[in-house]
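Reader: I would like to go through this structure by way of its helices, strands and core. Please state the terms and their cut-offs as they come up.

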Amino acid sequence: MSAIKKLIISLIVIVGILAMALIGVYIVARVKLGVDLFRTVGQLKTLSQPVNEEESFPAAFKSKDLVDLKSQTESQLGNVVLYEEGKGYQGYSVDFTALALAGATASPVFLSEQQTGALAEIVFYQQTGGKLTIADKDISVSVLQIAFTDVDSETGNADLNVTVKLDLTPFKDDMEGFPFNKLKNIVPDALYVTSVVRIEKGEGLAYTVTPKYLTLNNLSGDDTSDFFHTLDVVLKIGSAEDLNAKIGTTAANALIGTEQNPGFVYALKATGGSGSFAFFSFENEGKQINALVF
């Protein structure tokens with residue numbers, strides 16, 4: 001037998017052994033962990049593609065919205081949104097003491113989706129330092145945009161859509177052992193997560209938060225659910241449902257708030273004795289506007 005023929009046979013045997021090993025790993029992952037490695041690789045390739053935030057999140061708040069938020073609230077509530085360079089979120093913070101003293105307003109305050117997104121990020125950063133604890137890890141989270149959908153102006157209820165940027169690097173540091181260490185290089189450093197929850201008003205400032213669904217910006221809903229299952233198996237990040245509830249509730253508490261977690265509206269209205277809020281949709285100059293009203 002020629003040396004070339006022996007080499008070819010040896011290569012075929014090696015490839016066959018590797019293929020069998022990979023198939024074995026796939027079967028173990030599929031049967032024991034409920035993880036489809038081939039599907040996960042495809043999802044990771046999709047997620048690893050660069051994200052153009054301006055195109056993907058058209059309702060995202062910008063620096064101008066921070067200025068507009070301060071101006072809007074100052075005209076009706078006084079100096080409750082503060083600016084001091086080097087402090088808070090990009091210099092902005094909320095003075096909750098001044099907010100409580102402001103009490104009930106003579107006319108309703110309307111905040112656009114962009115202004116609401118800016119307010120959510122300011123309060124969230126102020127309350128948490130821009131971090132959430134997920135699976136015992138402090139993860140950097142930033143609010144990119146807030147949108148209100150399925151608004152019922154009669155009841156004041158709406159779906160609260162919150163898009164956040166979630167830092168994955170602390171989890172990537174723990175990706176050890178075959179085959180997950182091989183996926184580490186294609187796991188993105190950040191995920192763009194959109195949480196959708198239903199906010200239903202109760203009496204006064206009371207409300208309930210009902211999680212609806214969670215998506216990653218460039219994955220389908222089905223792929224999102226499957227991917228989060230894989231993340232939970234590998235990184236112990238929790239389910240998509242758990243993360244959705246955490247993000248949605250945190251955003252609602254920052255904007256509105258409860259006695260246990262005072263937010264902007266709660267701090268303003270609680271001392272007035274007749275506080276309330278609502279989500280409202282109206283037309284202005286031919287454009288449909290969704291707003292938080294309090």
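Predicted model: local features only at pLDDT ≥ 70, side-chain atom pairs only at ≥ 80, totals over all residues.

Reader: What span does helix 10 reach from its first C-alpha to its last?

Author: The expected span of a helix is 1.5 Å times one less than its number of residues. Helix 10 has 16 residues, for which 22 Å is expected. The model comes close to that, with a reach of 23 Å.

Reader: Which residues have the most contacts inside the largest nonpolar core?

Author: A nonpolar core is a set of buried Ala, Val, Leu, Ile, Met, Phe, Trp, Tyr and Cys residues joined through side-chain atoms within 4.5 Å. Buried means under 20% relative accessible area, exposed over 50%, and partly exposed in between (1.4 Å probe, protein chains only). The largest such core has 64 residues, and those with the most contacts inside it are Leu160, Val193, Phe264, Phe277 and Phe294.

Reader: Which helix gives the most residues to this core?

Author: The helix in question spans residues 240-255 and gives 7 residues to the core. Its buried residues include Leu243, Ile247, Ala251 and Leu255. Residues three or four places apart in an α-helix point the same way, because there are 3.6 residues a turn. The largest contributor to the core is helix 10.

Reader: Which residue of strand 10 is the bridge partner of Phe110?

Author: Two strands pair if DSSP finds at least two bridges between them. Strand 3 (residues 110-112) and strand 10 (residues 287-293) meet this with 3 bridges, in the antiparallel sense. Strand 10 also runs antiparallel to strand 9 (residues 278-284), over 7 bridges, and there Ala278 stands opposite Val293. The partner of Phe110 in strand 10 is likewise Val293.

Reader: Which residue takes a positive phi in the hairpin of strand 9 and strand 10?

Author: The hairpin has 2 residues between its strands. Most residues other than glycine have a negative phi.

Reader: Is strand 7 largely enclosed or open, and why?

Author: Strand 7 (residues 190-201) has 12 residues, and 9 of them are buried. It runs antiparallel to strand 6 (residues 157-167) over 10 bridges, and to strand 8 (residues 207-216) over 9 bridges. Because 9 of its 12 residues are buried, strand 7 is largely enclosed.

Reader: Which residue in the turn between strand 7 and strand 8 has a positive phi?

Author: The two strands form a hairpin with 5 residues between them. The turn residue with a phi of about 65 degrees is Gly204.

Reader: Which lysine lies over the face of Phe277?

Author: Rings of Phe, Tyr and Trp (its six-membered ring) pair if their centres lie within 6.5 Å, and ring pairs link Phe277 with Phe148, Tyr207 and Phe279 into a cluster. A charge sits over a ring if NZ of Lys or CZ of Arg is within 6 Å of the ring centre and within 35 degrees of the ring normal. At 4.6 Å from the ring centre of Phe277, the residue over its face is Lys201.

Reader: Is Val123 buried or exposed?

Author: Val123 is found in helix 6 (residues 113-128). Leaving aside neighbours within four places in sequence, Val123 is in contact (heavy atoms within 4.5 Å) with Val94, Phe96 and Ala254. Because its relative accessibility is 0%, Val123 counts as buried.

How values were computed
Residues numbered from 1 in each chain as written. Heavy atoms only, no water. Helix = DSSP H or I, 4+ residues; strand = E, 2+ residues; numbered from the N terminus. Phe/Tyr/Trp six-rings, centres within 6.5 Å; stacked < 30°, edge-to-face > 60°.
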